[in-house]
Amino acid sequence: MLKKIGVLCLCLVMVPAAYGADLPTEFDPNSKYRLDYSDLNAVLKSAVLDMGPSTHKRAKRPKRSTSSRMILANPLPSRLEGNRVMYDKFEQPQIEFLSGMRDDLLAIPSQLPLEQLSKNEQLAFWFNLHNAIVMAKLAEEYPITRIEPFFDAEDADAFYRQRIFDLSGTMISLEDIHNHVLENWDDPLVIYGFYMGAVGTPNVRQSAYTGRTIFEDLKSNAVDYVNSVRGTQVWKKNQLRVATYYERMGAKFPNFSDDVMTHVRQHAKPSFLRRLSDVSAVDARIEDWHIADLYNGNLAQVGGSTAGNSSDALGIQIISGLPDHVVELLRYRDEKNADSPREGEVEVEEVIDGR
């Protein structure tokens with residue numbers, strides 16, 4: 001019989017890191033335990049806006065806001081890519097709820113030792129914990145535009161390196177979780193499971209990771225990232241520029257240029273793969289640390305008024321009262337989705353002798 005362990009509303013929460021923490025490495029390949037992330041799924045489904053796959057085309061520089069010389073939008077070529085979290089919707093009760101959900105996840109090992117889980121189920125737990133920690137932190141700090149300081153690996157005081165989370169008696173950080181996953185899972189796909197809140201990092205998904213589908217979901221994130229402006233750009237036909245995120249995950253690419261090139265070709269879509277035929281050099285220089293929300297952390301409209309937080313912003317129709325850069329982002333999403341080929345299943349029944 002399959003055993004499910006309830007996890008109290010596993011939601012948007014943050015987990016800081018630091019390595020050196022003694023995290024479990026043993027697992028049970030025959031485990032019947034599965035963690036239940038239904039509450040986290042509900043939160044992600046309602047809070048994450050799916051922007052659809054990248055067109056792999058650089059966005060033009062944004063225009064100044066109407067009647068203003070200010071540019072409120074993310075100015076980078078990748079600014080229209082990546083799923084968005086609706087942080088503007090969160091009020092204090094929701095922020096506190098997220099913190100509680102993070103703590104529920106941290107308490108799981110006291111209810112069920114992680115060694116009793118399968119390796120895939122453990123991996124799903126680490127990603128869900130990490131990503132819940134990040135979301136809780138960003139919800140607490142919002143509105144904010146650039147989040148690089150939280151993840152500065154060179155800053156001993158950065159949130160990423162703070163060992164302030166109590167995992168059933170062991171104090172851990174986000175860095176601890178990163179290092180633990182990179183050291184104990186060989187497949188490079190694992191680099192795409194870390195949500196870091198920025199446009200230039202892998203996507204946040206609309207559902208929690210599970211042991212059953214985790215590598216399918218990681219593959220989906222890999223294809224999305226590799227075939228995006230925030231992940232890769234071909235320059236002068238023979239140079240491939242890639243995100244500095246790949247350097248950050250360099251443990252999976254020991255021979256960096258060759259390994260990254262092989263990895264990118266493995267996940268490139270056919271049209272992009274053809275463009276890679278003449279590439280002979282790899283340069284890690286793409287970065288976008290702007291927050292992956294709708295507003296770029298700028299909630300004020302021209303003149304200092306506040307944009308309305310109508311739920312209609314999640315729909316297809318763009319409503320009035322939103323800042324220009326938000327309207328542009330939503331229009332881009334809707335136009336892209338309208339141009340996407342529709343997929344579906346059609347049943348064909350053979351007719352014999354007129355019957």
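I took contact to mean heavy atoms within 4.5 Å. On that basis I looked up the contacts of the protein chain with a separation of 6 or more, and residues 24 or more positions apart account for 77% of them.

I noted that this is a predicted model, in which local features need pLDDT of at least 70, side-chain atom pairs count only at pLDDT 80 or more, and totals for chains, interfaces and linings use all residues. Residues are numbered from 1 along each chain as its sequence is written, and side-chain values use heavy atoms, with hydrogens and water left out.

**Overall make-up**

I found ten helices and nine strands in the protein chain; these are DSSP runs numbered from the N terminus (helices H or I, at least four residues; strands E, at least two). I recorded that buried residues make up 52% of the 355 residues, where buried means under 20% relative accessible area (1.4 Å probe, protein chains only).

**Helix H5**

I examined helix H5 (residues 174-184) and found eight of its eleven residues buried. Among them are Leu174, Ile177, Val181 and Leu182. The buried residues of H5 pack against helix H4 (119-141) and strand S6 (170-172). At the N-terminal end of H5 I found Ser173 as a cap, with a side-chain oxygen 3.3 Å from the backbone nitrogen of Glu175.

**His267**

I located His267 in helix H8 (residues 256-267). Is His267 buried or exposed? I found it buried, with a relative accessible area of 5%. Leaving aside residues up to four places away in sequence, I listed what His267 touches: Leu189, Lys219, Ala222, Val223, Val226 and Asn227.

**Backbone geometry**

I kept in mind that most residues other than glycine have a negative phi, and most peptide bonds are trans. The peptide bond from Tyr142 to Pro143 is cis, with omega near 5°. I placed Pro143 in the loop between H4 and strand S5 (165-167).

His56 lies in the loop between strand S3 (48-49) and strand S4 (84-85), and it is buried at a relative accessible area of 18%.

I recorded a positive phi of about 55° for Asn296, also not a glycine. Asn296 lies in the loop between strand S9 (281-286) and helix H10 (324-339). I found that Asn296 counts as buried, at 6% relative accessibility.

Conventions
Buried < 20%, exposed > 50% of the residue type's maximum accessible area, 1.4 Å probe, protein only. Polar contact = N/O pair within 3.5 Å; in protein donor to acceptor, adjacent residues only side chain to side chain.
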